[in-house]
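Subject: Structure for you to look at

Dear colleague,

I am passing on the structure below, followed by notes on what was found in it. Please read them with the model open beside you.

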Amino acid sequence: GDAERLTRFDACIDADGRIEPRDWMPEAYRKTLLRQISQHAHSEVVGMLPEGNWISRAPSLKRKAILLAKVQDEGGHGLYLYSAAETLGTSRDQMVEALHAGKAKYSSIFNYPTLTWADVGVIGWLVDGAAIMNQVPICRCSYGPYARAMIRICKEESFHQRQGFESLMTLMAGTPAQREMVQDAVNRWWWPVLAMFGPPDADSPNSAQGMRWGIKRISNDDLRQKFIDATVPQAKVLGVTLPDPDLKWNEARGHHDYGAIDWDDFWNVVSGNGPCNKERLATRVKAHEDGAWVREAALAHARKQQQRTLK
Ligand code: ACO
């Protein structure tokens, strides 16, 4: 019966085992995973837009080739993640529909504008750097398909982070105007990047259960702290200032202290009122509609192939 299956499920989680698509799982576990993996998939796909904006304006052939590869990787990440979510019983069409109807969440960070070329470097360095910090522990997630998808995604994210940092190093070795452009981008992205990790642990409704189930391995606040501690020395190497007067090393804690995050701004963005939410959603819906003929042609082709093999 169900009690026995639940006991077996709990034992598997306690032993740090993996749950696979055909295994029995509590409905709430399935729902939480679907929620997180579909939000994650949507983030990858919407995340193509802020940088996609710069593909036609990249300053050299080399930078354009790197940026094209990176933006394509994000599209690929979305596909692995939609596939992982589909193993939980919801179709990709349903998930995409929820996104387009404004019912599904995606990461707050992709609702900010990319005003200059330096933003592309800062997204690689800070946004993808934060994404790696959050995603490496998910390689050990209790749900097999999600954990396995995350391994390849993290390898690719690591390339994205490095290309961003390298691009910023190049700009910082340039003219005073280029250095100012980098500092301005860092000033605009720093605080929204810290909010990416999600609300403080005390205000995070999904954390306790997510940790119990081995979906989340490290808490929102602990990941945020790890990210800040890792980023401060990188900022020094680059020669930029992180825009937080309260940011300083705390010897007793063995961590950096940092200033207060504006959570009202975060919730405002999450609830659809950030600077680019409407534009991002409209662009996604249009891309989907413009691509309808490709999906129809692929289906027609598949049907023809099938008829041929039946003959
Ligand atoms: N942007 C938008 N919504 C967020 C964000 C964010 N940065 N952080 C938290 N939220 C939402 C949660 O989705 C949740 O909403 P819901 O209950 O309606 O689904 C609510 O705020 C409360 O947050 P938590 O209880 O802390 O939620 P959770 O335990 O799911 O933790 C987190 C949030 C850390 C983002 C987790 O879902 C996660 O690790 N997801 C996978 C990673 C991911 O999605 N990365 C995408 C950005 S990185 C990239 O794509 C390059």
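A contact here means heavy atoms within 4.5 Å. Among contacts in the protein between residues at least 6 apart in sequence, 77% join residues at least 24 apart.

This is a predicted model, in which local features need pLDDT of at least 70 and side-chain atom pairs count only at pLDDT 80 or more, while totals for chains, interfaces and linings use all residues. Residues are numbered from 1 along each chain as its sequence is written, and side-chain values use heavy atoms, with hydrogens and water left out.

On overall form, the C-alpha trace spans about 70 × 50 × 30 Å along its principal axes. Of the 311 residues in the protein, 47% are buried, where buried means under 20% relative accessible area with a 1.4 Å probe, counting protein chains only. The protein has 13 helices and 2 strands, these being DSSP runs, with helices (H or I) of at least four residues and strands (E) of at least two, numbered from the N terminus.

The cysteines deserve a separate paragraph. A search of the whole structure finds 0 disulfides, a disulfide being a pair of cysteine sulfur atoms within 2.5 Å. For C141, the closest cysteine sulfur is that of C139, and at 9.8 Å it is too far for a bond. C154 is in no disulfide either, with the sulfur of C139, the nearest one, 3.9 Å away. C141 is buried, at a relative accessible area of 0%, and C154 is buried as well, at 9%.

Methods
Buried < 20%, exposed > 50% of the residue type's maximum accessible area, 1.4 Å probe, protein only.
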